[in-house]
Amino acid sequence: MILEEQKVDTKRNDSTVVDSLHRTKELGYRVKNALEDGDLEKFGELLHEHWENKKRRSGKISNPKIDEWYKLARQTGAIGGKIMGAGGGGFFMFFCPNRKKRVLRTTLAGAGLRELPYDFDFEGTKVLV
């Protein structure tokens, strides 16, 4: 639903959405550079910038509960974060310095969020079932 709305807005040449999508592309290159340079603090800052940019596309990207969790994460050590999924749900990913990760994990667990382990994969998409 969110992605369909974004597609329609893009076809209508809605400047808010189109500008946000161009900004997302530019941020993607900056994230890539930060990771390649090993600049994780910059990576976290860019996650925050991306999240703020993404919310401009639609009022459905976030909601008061998600905003509350994001604010809580930032207050307890996260430099940045973003929600990932297929438009309308999914996972929150946060970046915080190692020295603050325990507080962040404990705080978000206390807010009802569950941590899921992940790893990086360089092989691409795989069908598991």
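The protein exposes about 9200 Å² of accessible surface, and carbon and sulfur atoms supply 55% of that area. These values belong to a predicted model, in which 29% of the 129 residues of the protein count as buried. Among the contacts in the protein with a separation of 6 or more, 50% are accounted for by residues 24 or more positions apart. The protein contains 5 helices and 2 strands, and their order along the sequence follows the pattern α-α-α-α-β-β-α.

**The pairing of α2 and α3**

Helix α2, which spans residues 15–37, packs with helix α3, residues 40–55, at an angle of about 170 degrees, and the two axes lie 9 Å apart. Because angles over 145 degrees count as roughly antiparallel, α2 is roughly antiparallel to α3. On the side of α2 the contact is made by S20, R23, T24, L27, R30, V31, A34 and L35, and on the side of α3 by L40, K42, F43, L46, E49, H50, N53 and K54. By residue class, the contact of α2 with α3 divides into 7 nonpolar, 4 polar and 5 charged residues.

One of the α2 residues in this contact is S20, which is buried, with a relative accessible area of 3%. Leaving out residues up to four places away in sequence, S20 touches N53, K54 and R57, and of these partners N53 and K54 are listed on the α3 side of the helix contact.

In soluble globular proteins, nonpolar side chains tend to be buried together. In this model the largest nonpolar core has 8 residues in all, made up of L27, V31, A34, F43, L46, L47, I79 and F95, and the elements that give two or more residues to this core are α2 and α3. A second, separate core of 6 residues includes W51, I66, Y70 and I83.

Within the largest core, F95 is a member whose contacts, not counting residues up to four places away in sequence, are with L40, E41, F43, G44, L47, G77, A78, I79 and G80. L40, in helix α3, is one of these partners; the C-alpha atoms of L40 and F95 are 8.3 Å apart in space, although the two residues are 55 residues apart in sequence. Apart from neighbours within four places in sequence, L40 is in contact with L35 and F95.

G44, also found in helix α3, is another partner of F95, and, again leaving aside neighbours within four places, G44 is in contact with I79, G80 and F95.

**Burial of selected residues**

| Residue | Relative accessible area | Class |
|---|---|---|
| S20 | 3% | buried |
| L40 | 43% | partly exposed |
| G44 | 0% | buried |
| T76 | 17% | buried |

Since buried means under 20% relative accessible area and exposed means over 50%, L40 at 43% is partly exposed, whereas T76 at 17% is buried.

T76 is found in the loop between α4, residues 64–75, and β1, residues 80–84. Its contacts beyond residues up to four places away in sequence are with K100, V103, L104 and T107, and T76 itself is buried.

Conventions: Residues are numbered from 1 along each chain as its sequence is written. This is a predicted model: local features need pLDDT of at least 70, side-chain atom pairs count only at pLDDT 80 or more; totals for chains, interfaces and linings use all residues. Side-chain values use heavy atoms; hydrogens and water are left out. Helices (H or I, at least four residues) and strands (E, at least two) are DSSP runs, numbered from the N terminus. Buried means under 20% relative accessible area, exposed over 50%, partly exposed in between (1.4 Å probe, protein chains only). Contact means heavy atoms within 4.5 Å. Accessible areas come from the Shrake-Rupley method with a 1.4 Å probe; for residues, only the protein chains shown count as cover. Axes are lines fitted to C-alpha atoms, for helices over the stretch in contact, and angles run from 0 to 180 degrees between N-to-C directions. Angles under 35 degrees count as roughly parallel, over 145 as roughly antiparallel, 65 to 115 as roughly perpendicular and the rest as oblique. Ala, Val, Leu, Ile, Met, Phe, Trp, Tyr, Cys and Pro count as nonpolar, Asp, Glu, Lys and Arg as charged, and the others, Gly among them, as polar. A nonpolar core is a set of buried Ala, Val, Leu, Ile, Met, Phe, Trp, Tyr and Cys residues joined through side-chain atoms within 4.5 Å.
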